Amino acid sequence: MSDLYLNAAVGGALTGLVYGLMALGLSVIFGVVRVVNFAHGEMMTGAMYGAILLAQAFKLDPLVAMAPIAIGMFLLGYGLQRGLVNSFVQRPEHTQFMLMVAVAIILTNSQLIAFGPNARNVQVDYALDSYQFGALIIDKVRIFAAIAALAVSGALFAFFRFTLTGRAIRACADNYLGAQVVGLNVKHLYGLTFGIGAACLGAAGCLLLLLLDVTPLQGPSYTLLAFIIVIVGGMGSLTGALLSGLLVGVSEALAGVAFDPSAKSMFTFALLILVLLFRPQGLLGRRP
Amino acid sequence: MMPSKDAARGAKRRDFLKTAGAVTLGAATLGAPAIVRAQAKTLNIGLLLPKSGTLAFLGQSCQKGADIAAEVCAQLGYKVNIKLMSADFESNVDLSRARAEKLISEGAHMLVGPFDSGAAGAIAQVAEQKGVPFVINIAAAPQITEQGYKFVFRNFFTAGQLVGNGLKLMKELFVATKTQPKSAVYMHVNDTFGMANKGAIDKLYPGANLGMELKASIAYDPAARDLSVEVAKAKATGADVLMVTTRINDAILLVREMVKQRWEPMGIINPGSPGLYEQQFFATLGKYSDYCITNVAWSDPKSAVTDMAKAAWAKKFPKDPWEGNILNAGFTIEAIMICADAFQRAGSTDGKALADALRKTKIEKKIMLGGPIEFDAKGQNNNIISACLQNRSGWARVVLPSDKAERPPIFPMPGWGNRGA
């Protein structure tokens, strides 16, 4: 029985890392721009379809497609922020909410028109391969996806900590007025931040495509999952998002083993309620 | 000038006559469509299928069957014009009711569909309220024909019949292959159909005397994105046989996960649900789709109507093999045949007349295995029988009963690594 829990926990943790990367994008955007991206999941399914198109056209493995998709998503995110979201930054939150929900609906329906409602995936040669370490069996795609998620997350952390642009973005997040006073181009930095968040989504979408099929109607469920992860980890906390993704992945897997697998997502919501009750700022979030 | 009393009275009388005339004329005009409907030569069939969403492949497969049904009916000598009015309920039970109402309001005389028990239950209520006959092509939840409905007819198994036949064939399989597994684990979808099958397994398994202990039942969401935990849990039971009640996407996820987790039971046996014999299953899983077993209704290879359907299919869908669509297409063609037959005998599109004709159905020339199509007082056809199918080299082949078998069964199945390139 312990083997079962071990396998489930490891599998859940590896999937959770990819979930964490997906939520990082949301956390980055909210932490700096202070706009909640309700089109998060829909943007990610868009990236997943992008990876499918690249696989069909150029036989590109989703792991390889990560780079062009992330660049494409960065440009899209930058353009979306500068062209649309930026004029809503100082407006009331409910206006921002309506804007992003409208974007989400447009994205879902565009994907439905373009790709239809059926599930699609990319078949890679190693899709059904697995590694065995004693009683532990881990499938190859899950390991690859988790390693790639860690690498992208590490690069993101390094960018924010060690580069001038990263520091400038953090300065904007800490003190909007102060950043303007010292002469930072806040609008451009907001655009960059939205672009970086979208690039994270692009990378996460490519990795998730290795694990799961995609349909346009899955967008809202990914948005919801990203929200849960970000709230549990702490709004705006990058480490918190990654840790929370890991926690959600493992708790879902273990709950599925210990209780009824069909009720496993219920435990994610239970985790959310517990955090909201006892640590409203999230596991690694700062008190307001 | 004031009108005289008489003039006023006369005017009233004239007004009354005008009004009465208008009412009579109006009534006659309004009545006319009923007369026209009664004499109609064209039967409008509202076809409700899940052509998108999680059941999309199955719904589209049924639709293709419907697309050749008119040709098969004509070859069988039915002298009726069939107009198909198709609607997609997007694998969403809530939408199926609205789609049924829309089809009826647009002039459907009969409803056919829907390859889903939940949707069948919802559509049956609409059909009953509107007095429009509903012929179910595929849906097994027993309660659908237990409600005392007068306009609902099912040419498919109930879950109990499906599972009962499935378990009986499993026993025959073990005898035929001289292999007796000791234990089984049951994985099933948790939708209306899956839960109906689970209920039937719980009821019938103890009396089936299969000689296998049923170690656990594991439910899962048919729209699940990942079945790794469910498969790990089933594997941990150490069962010899995996019994499944699946749809299609989940069936693919399930086998993929079994390969990844290196779980090699003696067999994967489906006692009566879709998934393992579908074209999409073969196309996606390749060699890993082989040796799975399904005990389900199948086409009669010796029937002339099967040959007609197969030829019509090959002409219309040359790139999509009939063998990957037999159950979905076969039952859908039969459902439309049933409608055409009832319409021809009723000579009317009136709902009650059609329902009365349906109750007297007896169709000998048919596609699926079993006796003639006829309905009991509840609207249920009890003459269908199952075959034991095994996937072999990318096709579902009949392996039992032995008099209909195309190949002998192979059980236990070879491991994942012993299937060549």
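**Figure 1. Helices and strands of chain A in the predicted model.** Chain A holds 11 helices and 2 strands (helices are DSSP runs of H or I with at least four residues, strands are runs of E with at least two, and both are numbered from the N terminus). Read from the N terminus, the order of elements is α-α-α-α-β-β-α-α-α-α-α-α-α. The radius of gyration of chain A is 19 Å, close to the 19 Å given by the globule rule for 288 residues, so chain A is as compact as a globular protein of that length. The radius is taken over C-alpha atoms, and the globule rule is 2.2 Å times the number of residues to the power 0.38. Along the principal axes, the C-alpha atoms of chain A fill a box of roughly 60 × 50 × 35 Å. This is a predicted model, in which local features need pLDDT of at least 70 and side-chain atom pairs count only at pLDDT 80 or more, while totals for chains, interfaces and linings use all residues. Residues are numbered from 1 along each chain as its sequence is written, with chains lettered from A and ligands numbered from 1 in the order in which they are written.

**Figure 2. Burial and contacts within chain A.** Of the 288 residues of chain A, 51% count as buried. A residue is buried if 20 or more other C-beta atoms lie within 10 Å of its own, exposed if 12 or fewer do, and partly exposed in between, with C-beta atoms placed from the backbone. Among contacts in chain A between residues at least 6 apart in sequence, 80% join residues at least 24 apart. Two residues are in contact if their C-beta atoms, placed from the backbone, lie within 7 Å.

**Figure 3. The side of chain B that touches chain A.** In this interface, 23 residues of chain B are in contact with 21 residues of chain A. Strand 7 (213-220), helix 7 (228-236) and helix 8 (249-260) of chain B each supply at least two residues of the chain B side. Helix 7 of chain B gives the most, with 6 residues. By class, the chain B side has 8 nonpolar, 6 polar and 9 charged residues. Ala, Val, Leu, Ile, Met, Phe, Trp, Tyr, Cys and Pro count as nonpolar, Asp, Glu, Lys and Arg as charged, and the others, Gly among them, as polar.

**Figure 4. Strand 1 of chain B and its partners.** Strand 1 (residues 42-49) of chain B has 6 of its 8 residues buried, so it is largely enclosed by the rest of the structure. Strand 1 of chain B pairs with strand 2 of chain B in the parallel sense over 8 bridges (two strands pair if DSSP finds at least two bridges between them). In this pairing, B:N44 stands opposite B:K83 in strand 2. Strand 1, helix 2 (residues 56-75) and strand 2 of chain B make a right-handed β-α-β unit; a crossover is right-handed if, with the strands pointing away from the viewer, the path from the first strand over the helix to the second runs clockwise. Strand 1 of chain B also pairs with strand 3 of chain B, in the parallel sense over 3 bridges. Here B:I45 stands opposite B:M110 in strand 3.

**Figure 5. The open sheet of 7 strands in chain B.** The strand order is 7-6-8-9-10-11-12, with mixed pairing. Strand 7 and strand 12 of chain B stand at the edges with a single partner strand each, so one side of each is left without a neighbour in the sheet. Neighbouring strands are turned by 30° against each other on average, direction ignored. Strand 8 (residues 241-245) and strand 9 (residues 267-270) of chain B pair in the parallel sense over 3 bridges, and B:V241 stands opposite B:G267 in strand 9. Helix 6 (residues 192-208) of chain B lies across strand 6 (183-189), strand 7 and strand 8, running at about 155° to strand 6. Axes are lines fitted to C-alpha atoms, for helices over the stretch in contact, and angles run from 0 to 180 degrees between N-to-C directions.

**Figure 6. Backbone geometry in loops of chain B.** The peptide bond from B:G113 to B:P114 is cis, with omega near -5°. B:P114 lies in the loop between strand 3 (110-113) and helix 4 (117-130) of chain B. B:F115, found in the loop between strand 3 and helix 4 of chain B, has a positive phi near 55° and counts as buried, with 30 C-beta neighbours inside 10 Å. B:S91, in the loop between strand 2 (81-88) and helix 3 (93-105) of chain B, has a positive phi near 60°.
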